[in-house]
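Work through the exercises below with the sequence and the structure side by side.

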Number of protein chains: 2
Amino acid sequence: MLKLYYAPGSCAVASHLALEHSGVSYEAHKVDFAKQEQRSPAYLAINPKGRVPALITSLGVLTETPAILAYIAQCFPAARLAPLDDPWQFAQVQSFNSYLCSTVHVAHAHRYRGYRWSDDEAAIASMKQKVPQTMKACFEEIENNLIKGPFVLGDHYSICDMYLFTITNWLEGDEVDVNWFPKVAALRQWMLNNPVVQKVLKAQ
Amino acid sequence: MLKLYYAPGSCAVASHLALEHSGVSYEAHKVDFAKQEQRSPAYLAINPKGRVPALITSLGVLTETPAILAYIAQCFPAARLAPLDDPWQFAQVQSFNSYLCSTVHVAHAHRYRGYRWSDDEAAIASMKQKVPQTMKACFEEIENNLIKGPFVLGDHYSICDMYLFTITNWLEGDEVDVNWFPKVAALRQWMLNNPVVQKVLKAQ
């Protein structure tokens, strides 16, 4: 059975949503960041990167959110989690998810994980201070150029929405008001009303 | 005809290599970072993110390296640039490329682009100072856990190698010796001897 290692509220929410939407049976295992469980020998044996999510399959362990999301979509095509049959549409999925992982998640990470990129306390504080500005800029790009509406890809609810929803939930902590971005805010509300999404949020 | 916007030596090298390996006819257009051409109104009309690479197709503009690489592989399957028919193998490609874009490229970017995450000169200098350490850690992860050898995926030369080669070429500037990582160094040398790779490097 597929097994997902996640931390509540982390980027692993996206993979958790995709699994739940796929209809497959799976187990979700919480990794307790408060106890630094992601750095425990037991977890490092699963994912040497010491991060979540990690998806355990019969073929091995898969890491990195965009890879896990596309893999779930490909394994369970009946759930229509991504436009798999059209390389151009699939490329839009990939482009959007790449932007989230390499730019938006990274912008957010400078609030809590500045130690990854500097050993200096003042520098880490300085990075933290700029997060509201960088996250606002990222969401302006998403609102103005990337979301077609009502979903990221237009009429097709997909893994892109699940990943965006996950990161949108970080905005309040980053001192950015989701209501500055009407398409993003409407999508978030639609997802908060979705019973599958509610089930995952409750489980976490 | 496909058109690639690139800056020499940037992460766009990977897409340039994939296009050349695919066998398709394409045009490559240089974006001059020294003249801040990526911020010009003409270029922002092509890619509002103000970054390279951007791939212009008859269907629209595609951005983000992992998306461009997979799209080229899917459009020209005869070139066998990725294992497209096996979702698990394709997921390995995606996982590797996601790690490069979200962790390794980001680690490197703190050398030259610290201003993205802080407005403070001392903080930017502090980030720069840590780059040799973070890039070394990333390449330890690649060498020890991610490259199967001789290529990233084992015996199959793929878009993963093209992307890794691109970033490996940044190591010297990041004060990291590629020879600390024997599999990475051997792959880099193999690619430097490859006539298609040589053609792209010369063209840039």
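**Exercise 1.** In what order do the four strands of the open sheet in chain A stand, and is their pairing parallel, antiparallel or mixed?

*Solution.* The model is a predicted one, in which local features need pLDDT of at least 70 and side-chain atom pairs count only at pLDDT 80 or more, whereas totals for chains, interfaces and linings use all residues. Residues are numbered from 1 along each chain as its sequence is written, while chains are lettered from A and ligands numbered from 1 in the order in which they are written.

Strands here are DSSP runs of E with at least two residues, helices are runs of H or I with at least four, and both are numbered from the N terminus; two strands pair if DSSP finds at least two bridges between them. On these terms the order in chain A is β2-β1-β3-β4, and the pairing is mixed. Because β2 (26–30) and β4 (60–63) of chain A stand at the edges with a single partner strand each, one side of each has no neighbour in the sheet. Neighbouring strands are turned by 20 degrees against each other on average, direction ignored, where axes are lines fitted to C-alpha atoms (for helices over the stretch in contact) and angles run from 0 to 180 degrees between N-to-C directions.

**Exercise 2.** Find which strands of chain A are touched by helix α1 (residues 12–22).

*Solution.* Helix α1 of chain A packs on the sheet and touches β1 (2–6), β2 and β3 of that chain, contact being defined by C-beta atoms, placed from the backbone, that lie within 7 Å. The helix direction makes about 155 degrees with that of β1(A).

**Exercise 3.** Trace the pairing across the sheet of chain B, strand by strand.

*Solution.* Begin with β1 (residues 2–6) of chain B, which runs parallel to β2(B) and is joined to it by five bridges; in this pair Leu2(B) stands opposite Tyr26(B). Next, β1(B) pairs with β3 (residues 54–57) of chain B in the antiparallel sense over three bridges, with Lys3(B) opposite Ile56(B). Finally, β3(B) and β4(B) run antiparallel and are joined by four bridges, Leu55(B) standing opposite Leu62(B), and a hairpin connects these two strands through two residues.

**Exercise 4.** What rotation superposes chain B on chain A?

*Solution.* A rotation of 180 degrees with 0.0 Å of shift along its axis does so, at an RMSD of 0.0 Å, the superposition being by least squares on the C-alpha atoms of residues with pLDDT of at least 70 in both copies. This is therefore the relation of a two-fold axis. The same surface serves both copies, as 100% of the contact residues of chain B recur in chain A.

Notes:
Contact = placed C-beta atoms within 7 Å.
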